[in-house]
Amino acid sequence: MMDYANVLKESGLKATFQRMNILESIQKHGHMSIDTIYDEVVKTHPSLSLATVYKNIILMVENGVLVEVPIEGKKSKYELVKSDHIHLVCTECGEVEDKPHDENADALFSSMTKEENFSLSKQQINLYGVCAHCQEAVAS
Ligand SMILES: [Zn+2]
Ligand SMILES: [Zn+2]
């Protein structure tokens with residue numbers, strides 16, 4: 001299990017129970033929208049407002065604890081910062097699947113940025129489309 005208190009402190013944030021609970025539920029469920037994070041966290045903190053959860057999530061994005069995954073036409077999802085990976089994002093159901101970077105992708109990105117003398121600091125590769133499950137639902 002992750003040491004959330006330490007992750008927060010290292011990012012310059014106070015390790016409050018609310019923040020630790022937010023990180024815990026994202027860790028458990030993968031990519032989550034603010035609404036679903038709120039639904040989870042409010043179970044342990046019934047007095048928590050959606051605005052507070054929202055503020056905490058934005059703050060954790062700014063401090064590099066969480067990453068925002070934008071989804072066209074839907075609310076963004078949030079995940080914990082982890083090693084580079086590629087997202088398959090379904091624009092029908094909003095599911096986000098993690099795919100590992102393979103060495104071909106790494107080689108492509110590094111030659112591309114080198115060519116432009118571009119100093120890469122962070123990256124997020126999102127592939128948008130319709131997942132197998134949603135394609136089936138349309139076909140039947
Ligand atoms: Zn889908
Ligand atoms: Zn991801």
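Buried means under 20% relative accessible area, exposed over 50%, and partly exposed in between, with a 1.4 Å probe and protein chains only. The model is predicted, so local features need pLDDT of at least 70 and side-chain atom pairs count only at pLDDT 80 or more, while totals for chains, interfaces and linings use all residues. Residues are numbered from 1 along each chain as its sequence is written, chains are lettered from A and ligands numbered from 1 in the order in which they are written, and side-chain values use heavy atoms, with hydrogens and water left out.

**View 1. Buried side of helix 4.** Val-53, Asn-56, Ile-57 and Met-60 are the buried residues in helix 4. They lie on the same side of the helix because they cover an arc of only 100 degrees around the axis, an arc taken from the directions from the helix axis to the C-beta atoms. The face turned away from this side carries exposed Ala-51, Lys-55 and Glu-62. Helices (H or I, at least four residues) and strands (E, at least two) are DSSP runs, numbered from the N terminus.

**View 2. Length and surroundings of helix 4.** The 13 residues of helix 4 reach 18 Å from first to last C-alpha, close to the 18 Å expected at 1.5 Å a residue; the expected span is 1.5 Å times one less than the number of residues. Its buried residues pack against helix 1, helix 2, helix 3, strand 2 (66–69) and strand 3, where contact means heavy atoms within 4.5 Å. Gly-64 follows helix 4 and has a positive phi, near 75 degrees.

**View 3. Largest nonpolar core.** Such a core is a set of buried Ala, Val, Leu, Ile, Met, Phe, Trp, Tyr and Cys residues joined through side-chain atoms within 4.5 Å. The largest has 20 residues, of which Ile-22, Leu-23, Ile-26, Ile-37, Ile-57 and Met-60 touch the most other members. Helix 2 gives the most to this core, with four residues. Leaving out residues up to four places away in sequence, Met-60 touches Leu-8, Leu-13, Arg-19, Ile-22, Leu-23, Val-65 and Leu-66.

**View 4. Zinc site.** Cys-90, Cys-93, Cys-131 and Cys-134 coordinate the zinc ion (ligand 1) through SG at 2.3 Å. Donors are N, O and S atoms within 2.8 Å of the metal (3.2 Å for Na, K and Ca); water is not among the atoms, so sites may look incomplete. The site is tetrahedral, with angles of 105 to 120 degrees among its four donor atoms; four donors count as tetrahedral if all angles lie between 85 and 135 degrees. Along the chain the donors follow the spacing C-x2-C-x37-C-x2-C.

How values were computed
Four donors count as tetrahedral if all angles lie between 85 and 135 degrees; four count as square planar and six as octahedral if opposite donors are over 155 degrees apart and all others between 65 and 115; anything else is irregular.
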